[in-house]
Amino acid sequence: MATTTPVSSTDISTILANAGQSIISGATNSTLDVNTLVTTLVNAKTAGQLQALQTRQTNDNTQLSAIGQLKGALSALQTALTGLSDGTALGSLAATASGTGIATTIKSGSGAVAGSYSVNVTQLATANKLSSAGVTSADTISAGSLSITFGSNPAFNVNVAAGASLSDIASSINSASGNAGVTASVITGSDGQHLVMQSNLTGAANTISITGTGVNSKLTSGYTTVTPAADAKLTIDGTPVSSASNNVSGALTGVTLALSQAAVGTTQTITLSQDTAAATTAINNFATAYTNFVNTAKSLSSYDSTAKTAGPLLGDAMLNTIRNTLATTLSSGVTTGGTTYALGSIGINVDSTGAMSVDTAALTTALKSNSSAVTAIFNQTNGIAQALNANINSYTQTSGLIDQRTNAINADLKSVQGQATQLQSYSDQLTKQYNAQFTALNTLMATMANNTRYLTQLFGGQNSAGAMANNK
């Protein structure tokens, strides 16, 4: 929408006076500035309406931006509420071991149950490793092939060229098609070079066996077991457990036990308990997001008495409804089982400005000694997070309160654009009309000036005699 500078009544009077003077001066062959006069007169008729439309457009866009900020703050709050509304933040467990050598991981939603478990580790899982006899320069490598079997996988074959080095053979094994998990290498010792093959997987089932034809007898038989293929052995509360991996999963529901050498020969207690750190983080994130919402709402509805400027949503009914509803939900607490729990009872406080803060010491005490109150406040039926989430949904969902308001503003913007288009058409029509009128006037003035000069030449003027004066 183009910007037009309004024209005052004084400006119009001056321009019309100048136009009148131009008309009077037409007799002296002066020209009338039609373009300037027409532009000024058209602006005088349309500038006020255009300014009003521009003001509406600016206000609408400012409100849309403000509503976008409000919706963003509500969405961030809703995100922070997720773990508290679906129970994952308070229902998560943390696992600790009483000794060293056992690292614990709990998979979220895996069904792990709080409790203590006695774990005794007697053996780690190992990967099978075999070494050939030492091959010296006196040993001949002839053409042939090696057949290698890994666990239950089909055997794969490696062709060996006459005179090949052990490094060539190791490289051929590692790149062989069908190699399901064997890595070959070469170790050089005082007795010669040894072809070493190791399983990439631990566990008793993942053994390696080698046979062959040709090549050299030291490479087709007589391998020494450096490390046997073995499963991890342990007991959990006296129940024997065997695992092909040292990451033992499935034995203790939802928990993975990562075993290392330090755990062998020890009996440790694995404790699964509420993850208070996760709950504390979730509640602090909730408090931060709610305070951000409050500050955003305050900024959008503030009034600066010094600068005499108002926020774009000052006195806005929609903003007041949202802010008051959420504040009331918080202050009402949660009633369950005939008991009403206030947020302050677990260290969550809201001050007079609406900002939320967390008393860390009080919350820690509640999580450890009053978990029933925490669970009640954030229960998944009518808990505070559920209630706030429902409130926010009603505002941010399609056809919700914010959507309705946004649609209304967009409709007004469309109306403003339509009126601006009509005003431009009217302006174009006026311009055409005034141009025609003043062009005709200019033409008339020129004709009058020509007639005046002719009559003066014919009859004479002041202090002069025309041609007719000498005609007796």
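1. Basis of the model. Residues are numbered from 1 along each chain as its sequence is written, and side-chain values use heavy atoms, with hydrogens and water left out. The model is predicted: local features need pLDDT of at least 70, side-chain atom pairs count only at pLDDT 80 or more, and totals for chains, interfaces and linings use all residues.

2. Extent of helix α7. Helices (H or I, at least four residues) and strands (E, at least two) are DSSP runs, numbered from the N terminus. Helix α7 comprises 16 residues, 317-332. From its first C-alpha to its last it reaches 22 Å, close to the 22 Å expected at 1.5 Å a residue; the expected span is 1.5 Å times one less than the number of residues.

3. Which residues of α7 are buried? They are M318, L319, I322, L326, T329 and L330, where buried means under 20% relative accessible area, exposed over 50% and partly exposed in between (1.4 Å probe, protein chains only). An α-helix has 3.6 residues a turn, so residues three or four places apart point the same way. The face turned away from the buried side of α7 carries the exposed residues A317 and S331.

4. Ends of helix α7. At its start, a side-chain oxygen of D316 comes to within 3.1 Å of the backbone nitrogen of M318. Just after the helix, G333 adopts a positive phi of about 70 degrees.

5. Pairing of β15. Two strands pair if DSSP finds at least two bridges between them. Strand β15 (residues 266-274) runs antiparallel to β1 (residues 93-97), joined by 5 bridges, and A94 stands opposite S273 in β15. Strand β3 (residues 115-123) is also antiparallel to β15, with 7 bridges between them; here V119 stands opposite Q268.

6. The open sheet β2-β14-β13. This sheet has 3 strands in that order, with antiparallel pairing. The edges are β2 (102-106) and β13 (247-252), each with a single partner strand, so one side of each is left without a neighbour in the sheet. The twist averages 30 degrees from one strand to the next, with axes taken as lines fitted to C-alpha atoms (for helices over the stretch in contact) and angles running from 0 to 180 degrees between N-to-C directions. Between β2 and β14 (residues 255-259) there are 5 bridges, and I106 stands opposite V255 in β14.

7. A127 in a loop. A127 lies in the loop between β3 and β4 (129-131) and counts as buried because its relative accessibility is 14%. Contact means heavy atoms within 4.5 Å. Leaving aside neighbours within four places in sequence, A127 is in contact with Q198, S199, L201, T202, T227 and P228. A127 and G203 are 76 residues apart in sequence, yet 6.2 Å apart in space, C-alpha to C-alpha.

8. Q78 belongs to helix α2 (residues 34-85) and is buried, with a relative accessible area of 17%. Apart from neighbours within four places in sequence, Q78 is in contact with N389, I392, N393 and T396. T280 is located in helix α6 (residues 276-300) and counts as buried because its relative accessibility is 19%. Not counting residues up to four places away in sequence, T280 touches L363 and L367.

Definitions and conventions. Polar contact = N/O pair within 3.5 Å; in protein donor to acceptor, adjacent residues only side chain to side chain.
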